[in-house]
Amino acid sequence: TNTSDKNKKVALILCCLGYAGIGGLHYFYVGRYIKGLLYLCTGGLCMIGTIIDTIKIASGGFKDNVGAPLRQ
């Protein structure tokens, strides 16, 4: 399968910064700027989106802007 050039660990660290109030950085990292801006303005969609994204990144279900899964 095709994998992204973006690292799963970096995305997970950036996603966890959402718990400190800086939500959406992981979306900027993978190239999904509109969703990153949405998360930044809404506090990670009231933290629910950040929790879901943390689970998706950890389990390998998170994809970059072209739909490729993140590399290990």
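Met47 sits in the loop between helix 3 and helix 4, in a model that is predicted. Its phi is near 75°, a positive value in a residue other than glycine. That backbone angle comes just after helix 3. Is Met47 buried, partly exposed or exposed? With a relative accessible area of 28%, Met47 is partly exposed; the reason is that this value falls between the limits of under 20% for buried and over 50% for exposed.

Leu45 is another residue to look at here. Leu45 has its place in helix 3, and its phi is near 55°, again a positive value in a residue other than glycine. Leu45 is partly exposed, with a relative accessible area of 35%.

**Along helix 3**

Helix 3 covers residues 33-46, which makes 14 residues. How far apart should its ends be? At 1.5 Å a residue, helix 3 should span 20 Å, and its end C-alpha atoms are 18 Å apart, which agrees. Helix 3 also has a kink of about 80°, centred on Leu40.

Which residues of helix 3 are buried? They are Gly36, Tyr39 and Gly44. These buried residues pack against helix 2 and helix 4, the latter being residues 48-59.

**The nonpolar core**

The largest nonpolar core has 8 residues: Ala11, Cys15, Tyr27, Val30, Tyr39, Ile57, Phe62 and Leu70. Helix 1 (8-16) and helix 2 (25-30) each supply at least two residues of this core.

Take Ala11 as one example. Setting aside neighbours within four places in sequence, Ala11 is in contact with His26, Tyr29, Ile57 and Leu70. Ile57 and Leu70 are also listed among the core residues.

Phe62 is a second example, found in the segment after helix 4. At 2% relative accessibility, Phe62 counts as buried. Leaving out neighbours within four places in sequence, the contacts of Phe62 include Tyr27, Val30, Ile57 and Leu70. Among the other contacts of Phe62 are His26, Asp53 and Pro69. Phe62 and Leu12 are 50 residues apart along the chain, while their C-alpha atoms are separated by 10 Å.

**Aromatic rings**

How many aromatic pairs does the structure hold? There are 3 of them. Tyr27 and Tyr39 form one that is edge-to-face, with 4.9 Å from centre to centre and 70° between the planes. Since Tyr27 lies in helix 2 and Tyr39 in helix 3, the pair ties together parts that are 12 residues apart in sequence. Tyr27 is buried, with a relative accessible area of 1%, and Tyr39 counts as buried at 4%.

The rings of Phe28 and Tyr33 also pair up: their centres are 6.2 Å apart and their planes stand at 40°, so this pair is tilted. Phe28 counts as partly exposed at 28% relative accessibility, whereas Tyr33 counts as exposed at 53%. Ring pairs also link Tyr27, Tyr39 and Phe62 into a cluster.

Here are the accessibilities of these aromatic residues side by side.

| Residue | Relative accessibility | Class |
|---|---|---|
| Tyr27 | 1% | buried |
| Phe62 | 2% | buried |
| Tyr39 | 4% | buried |
| Phe28 | 28% | partly exposed |
| Tyr33 | 53% | exposed |

The charged end of Lys6 sits over the ring of Tyr29, 5.2 Å from its centre. Likewise, the charged end of Arg32 sits over the ring of Phe62, 6.0 Å from its centre.

Ile13 lies in helix 1 and counts as exposed, at 57% relative accessibility. Where is Ile13 relative to Leu25, in sequence and in space? The two are 12 residues apart in sequence and 9.3 Å apart in space, C-alpha to C-alpha.

Cys16 lies in helix 1 as well, and at 37% relative accessibility Cys16 counts as partly exposed. Cys16 and Arg32 are 16 residues apart along the chain, and their C-alpha atoms are separated by 17 Å.

Conventions: Residues numbered from 1 in each chain as written. Predicted model: local features only at pLDDT ≥ 70, side-chain atom pairs only at ≥ 80, totals over all residues. Heavy atoms only, no water. Core = buried A, V, L, I, M, F, W, Y, C linked by side-chain atoms within 4.5 Å. Buried < 20%, exposed > 50% of the residue type's maximum accessible area, 1.4 Å probe, protein only. Helix = DSSP H or I, 4+ residues; strand = E, 2+ residues; numbered from the N terminus. Contact = heavy atoms within 4.5 Å. Expected span 1.5 Å × (residues − 1). Bend = angle between axes of the 7 residues up to and from the residue. Phe/Tyr/Trp six-rings, centres within 6.5 Å; stacked < 30°, edge-to-face > 60°. Lys NZ or Arg CZ within 6 Å of the ring centre and 35° of its normal.
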